[in-house]
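This report goes through one structure part by part. Please look at the sequence and the model before reading on.

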There are 2 protein chains.
Amino acid sequence: MPGKPPKTGRKPAGSRRRAVAAAAQPAAPQISDRRRVTSYDVAKRAGVSQSAVSRCFTEGASASSDLREKVMRAAEELGYRPNAIARGLITRRSNLVAVVISSRTNLYYPEVLFELTTRFEARGSRVLLFALEHESDVDHVLDKVFSYQVDGVVAAARLSDAQVVQFERHGIPVVLYNRFADRAPASSVCCDHLEYGHRLAERLVAAGHKSFGIIDSPADSFVGIERIKGVRGVLKAHGFDAPSVRGDYGYESGGTALAELLKKTRKRPAAVICANDAMALGAIDYARNELGLEIPKQLSIVGFDGIGPAYLAAYRLTTVRQPVRRMTEAAVSMLMERIEDPTLAPEKRMFSGDLVEGASARLGPA
Amino acid sequence: MPGKPPKTGRKPAGSRRRAVAAAAQPAAPQISDRRRVTSYDVAKRAGVSQSAVSRCFTEGASASSDLREKVMRAAEELGYRPNAIARGLITRRSNLVAVVISSRTNLYYPEVLFELTTRFEARGSRVLLFALEHESDVDHVLDKVFSYQVDGVVAAARLSDAQVVQFERHGIPVVLYNRFADRAPASSVCCDHLEYGHRLAERLVAAGHKSFGIIDSPADSFVGIERIKGVRGVLKAHGFDAPSVRGDYGYESGGTALAELLKKTRKRPAAVICANDAMALGAIDYARNELGLEIPKQLSIVGFDGIGPAYLAAYRLTTVRQPVRRMTEAAVSMLMERIEDPTLAPEKRMFSGDLVEGASARLGPA
DNA sequence: CTGTTAGCGCCTTCAA
DNA sequence: TTGAAGGCGCTAACAG
């Protein structure tokens, strides 16, 4: 193809397109197929070059106010909006971040997703949402994440080390939300569930409780495992043992687990520690309505999370609350920093939460 | 490349790029700037043309299994993923849909967002999320929606007629979730809030209640207005009048509104109808704890929504529940149909909900 | 079945 | 300051 004079570049772009559009008209009865308006259309109407239009829509590009005005008017008249997709293709910055979130996280912390989104929005990034029914669906979803050329990822779901490394290889910054990578050095924001466990158990021991029961989390819940590990550590240090039964994190399961727990122990424990609030509420209702117990006089019940219903007057649950606002803010700013400067080293930020004393556990002297 | 007069077309793409990357190396200490791997890289490695690679990654394109295998291996080794953004640019189909949702909707129906996302996911579309703190922020957000060339929009927030028309003009299908357009002919899925109001009120009248009070919604809530209009219609038809006080949809507001309501009426009404569940719960707690009333023996309280806490044993609220699953499914399928065929006429789908009898209202004979 | 070619809509040097 | 030209990574005719 040496002597190829005629067909270099794409000179007649504008005119060619128009021709295409015209040719398409007869076929489509509706004008629904009407092309989107591009910077070329605006340029033509304003009587300037396409690149001039581009500059008018780019932050901090040089253009005379005269030109700017002509372009803006034409754009207005045509209803032109720069195509963020095309822009991203060339700038290698899509301004898209992926949020991968499990239904479990969303169920107990519906505000997390919302907070993340508004904060990213405020910093000029859009959220591409990936919802997982089961934490194990991650792999299936990651392909899509990569395909969309997101600038970064917030993962509020379990990622394997291999998956974390994969992001690394692709040069896409990741921040884990409320979990750590097993071994890979990934950035994360997390609350200190272990410490929460410690705090809550210490508080109960200090109040003079002498016997305990535990309603444990599903075996695959990182958060639950940490919490209960924290609890167990303290109890053990004080010489207490605590029988436990696993629940599934659901409200119903709190009641059934409590029943089972009581079957296992000869004597009713003074305090029951549940791996999350939903089960604690279930346990309270079961204790009150099925066992006729007064809470907290005859039985103390505590949870973790600080979900909405825990504050209702009928429960006033004693629990530990995650500082969701601070955590989402941290996740967003850590990710944005790493998008700006991908060489930044990973960082873990750990947040402590508030102990909500509530009224579902005896915390004063007996 | 025989007598290649330097600059025609883009033949030497691969080599040129490599050169660029190499040039960038010295500057960046890290290889973080490493280019993403493209179909050209895969093609080169597999010893085939770039379009061959493209075909291997397109559904239903013709390619020999031999070629397919070579390409797939090379892609695997390089960690190649087709760039969905670039693909969308040329196919005019981004496979992106926007979901615009207000914090209020998200607060009372956290599952809506999740359901929409998983359903779109199942049909091959990704969700670009736009969260509104206030319903009035819509305008601000629409620019972004247009910029990202989404294939369609689900709006669970108040859109003005002008905004609906704007989508129309751009040829982007829209489905309104849980609201109607004022006048513009837009597709929507909605539950029949008016009918909910009728049902609930009829049920209370049938049970023999003779006096009523209303805890109304904020004045700008479409949903609340409809519900209460339905209630009022029935009460009026039976010759009852009902004093009302406005709440803000929040739990706290249920209690304060109830207090105010009782101040307004000489005699305590038999039943109080709240525009949503959150306020109903607040009213119940206030009635029990501040007024020492037994619910429902001394006062019946009902709500709308069927939010999670309404089912807790301590409340067992009498309410009307939205069929969220059916509604989200309808919204998604309506939108997808219109993306496939933009000439489809708008359609409104109206869903009836379930009356949850609960235990917060006397529904049997007095 | 495979490779060639011409863009999708935009940004970005490079000259003028 | 402005315009011309060359891609970003990919798909889609169209030849062969």
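Predicted model: local features only at pLDDT ≥ 70, side-chain atom pairs only at ≥ 80, totals over all residues.

How many salt bridges does the rule find across the interface of domain 2 of chain A and domain 3 of chain A? The count there is 1 salt bridge.

## Domains of chain A

## Where domain 2 meets domain 3

In chain A, 12 residues of domain 2 are in contact with 15 residues of domain 3. The area buried between these two domains of chain A is about 1,200 Å², and carbon and sulfur atoms give 49% of it.

The rule finds 9 residue pairs in polar contact across this interface of domain 2 and domain 3 of chain A. A salt bridge links A:Arg104 and A:Asp220, with 3.3 Å between the closest N and O atoms. On the side of domain 2 of chain A that touches domain 3 of chain A, the elements giving two or more residues are helix H6 (103-108), strand E5 (187-191) and helix H14 (324-340) of chain A. By class, that side of domain 2 has 8 nonpolar, 1 polar and 3 charged residues.

## Where chain A meets chain B

The contact between the chains takes 62 residues from chain A and 64 residues from chain B. About 5,600 Å² is buried between chain A and chain B, of which 61% comes from carbon and sulfur atoms. Within chain A, the residues that lose the most area to chain B are A:Arg81, A:Phe114 and A:Tyr148, which together make up 13% of what that side buries.

Between chain A and chain B there are 14 residue pairs in polar contact. Several elements of chain A give two or more residues to the side that touches chain B, among them helix H5 (84-91), strand E1 (96-102), helix H7 (110-122) and helix H13 (277-289). Strand E2 of chain A gives the most to this side, with 7 residues. By class, the side of chain A that touches chain B has 28 nonpolar, 20 polar and 14 charged residues.

## Links between the chains

Strand E2 of chain A and strand E2 (residues 126-132) of chain B run antiparallel and are joined by 3 bridges. In this pairing, A:Leu128 has B:Leu128 as its bridge partner.

The structure holds 38 salt bridges over all chains, and the rule finds 2 salt bridges across the interface of chain A and chain B. In one salt bridge, the side chains of B:Asp143 and A:Arg81 meet at 2.9 Å, N to O. Why does this pair join two chains? B:Asp143 lies in helix H8 (residues 138-147) of chain B, and A:Arg81 lies in the loop between helix H4 (65-78) and H5 of chain A, so the pair joins two chains.

## Backbone details

Most residues other than glycine have a negative phi, and most peptide bonds are trans. A:Asn178 is not a glycine, yet has a positive phi of about 65°. A:Asn178 is placed in the loop between strand E4 (174-177) and E5 of chain A.

A:Ile295 and A:Pro296 are joined by a cis peptide bond, with omega about 5°. The loop between H13 and strand E9 (300-302) of chain A holds A:Pro296. In chain B, the peptide bond from B:Ile295 to B:Pro296 is cis, with omega near 5°, and B:Pro296 is in the loop between helix H13 (277-289) and strand E9 (300-302) of chain B.

Notes:
Residues numbered from 1 in each chain as written. Chains lettered and ligands numbered in written order. Heavy atoms only, no water. Contact = heavy atoms within 4.5 Å. Buried area = accessible area lost by both parts, 1.4 Å probe. Salt bridge = Lys/Arg side-chain N within 4 Å of Asp/Glu carboxyl O. Polar contact = N/O pair within 3.5 Å; in protein donor to acceptor, adjacent residues only side chain to side chain. Helix = DSSP H or I, 4+ residues; strand = E, 2+ residues; numbered from the N terminus. Nonpolar A, V, L, I, M, F, W, Y, C, P; charged D, E, K, R; others polar. Pairing = 2+ DSSP bridges.
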